[in-house]
Every structure is written in structure tokens, then in C-alpha cells.
Amino acid sequence: GLEIGQKLTIPAVSAKAATVTASSLANSSASITGGSYIVQKGDSLWTIAVRAYGDGYKWSSIYQANADVIKDPNQIDVGWSIKLPR
């Protein structure tokens, strides 16, 4: 483990370019503003969270709000109406 006063050397690392941008999402990058959303082909909870909240990590909020419908967060089906907590 680390000890108080121990010196750490952090290597210089160049910044990486973003691998996912709003324009590279499967669907349009248009924001989702309502309290619900109909799942489209190519959607994931991550991409829906990016469009609804600007933060993909909020996918878990969508998952929790829809636990009655979504059993596996990696498997959402086209046509499902999901709630988007606001």
C-alpha cells in the first residue's frame, strides 16, 4: 500500500481524443427533453443518458427507474417506452 510521505512518479501522458462524440451516436444527437422515451434501433442506456442528461454515466438512473421493464441493462428492445427521471 501507499504510505504517507511516499513519493509517486506520474508519467507524462498525452491527452487522448474522444472516441465517442455526439455526432457518432447511433441515432441523432438531438437532446431528449421529455420524461419518457421510445427505444429506437441502435439505442443503449448509455446513449439515451447522453442525449437526455449529457452524461452517459446516468444510465443507471434510467435502469433503476425502469426496473419493472428492463431486466438486463444490456438488453433493451426497440419500441419500449422508458421513463426518464428528471
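How many helices and strands are there in the protein?

## Overall layout

The protein has two helices and two strands. This is a predicted model. Along the sequence, the elements follow the pattern β-α-α-β.

Buried residues make up 21% of the 86 residues. Take the contacts with a separation of 6 or more: residues 24 or more positions apart account for 46% of them. The accessible surface comes to about 6300 Å². Carbon and sulfur atoms hold 55% of that surface.

## Helix α1

Helix α1 covers residues 45-53. Its buried residues are L45, T47, I48, A49, R51 and A52. They pack against three elements: β1 (36-38), α2 (59-65) and β2 (81-83). Just after α1, G54 takes a positive phi of about 75°.

An α-helix has 3.6 residues a turn, so residues three or four places apart point the same way.

## The nonpolar core

The largest nonpolar core has twelve residues, including Y37, V39, I62, I70, I76 and L84. Its largest share, four residues, comes from α1. Nonpolar side chains tend to be buried together in soluble globular proteins.

Leaving out residues up to four places away, L84 touches I32, G34, G35, S36, Y37, I48, A52, Y53 and I62.

## A buried charge

D43 sits in the loop between β1 and α1. Is D43 buried or exposed? D43 is buried, yet it has no salt bridge. The nearest side chain of opposite charge is R51, 4.1 Å away.

D43 has another polar neighbor. A polar atom of its side chain lies 2.7 Å from the backbone nitrogen of Q40.

Methods:
Residues numbered from 1 in each chain as written. Predicted model: local features only at pLDDT ≥ 70, side-chain atom pairs only at ≥ 80, totals over all residues. Heavy atoms only, no water. Buried < 20%, exposed > 50% of the residue type's maximum accessible area, 1.4 Å probe, protein only. Contact = heavy atoms within 4.5 Å. Lys, Arg positive; Asp, Glu negative; His and termini not counted. Salt bridge = Lys/Arg side-chain N within 4 Å of Asp/Glu carboxyl O. Polar contact = N/O pair within 3.5 Å; in protein donor to acceptor, adjacent residues only side chain to side chain. Core = buried A, V, L, I, M, F, W, Y, C linked by side-chain atoms within 4.5 Å. Areas by Shrake-Rupley, 256 points an atom, 1.4 Å probe, with all protein chains shown as cover.
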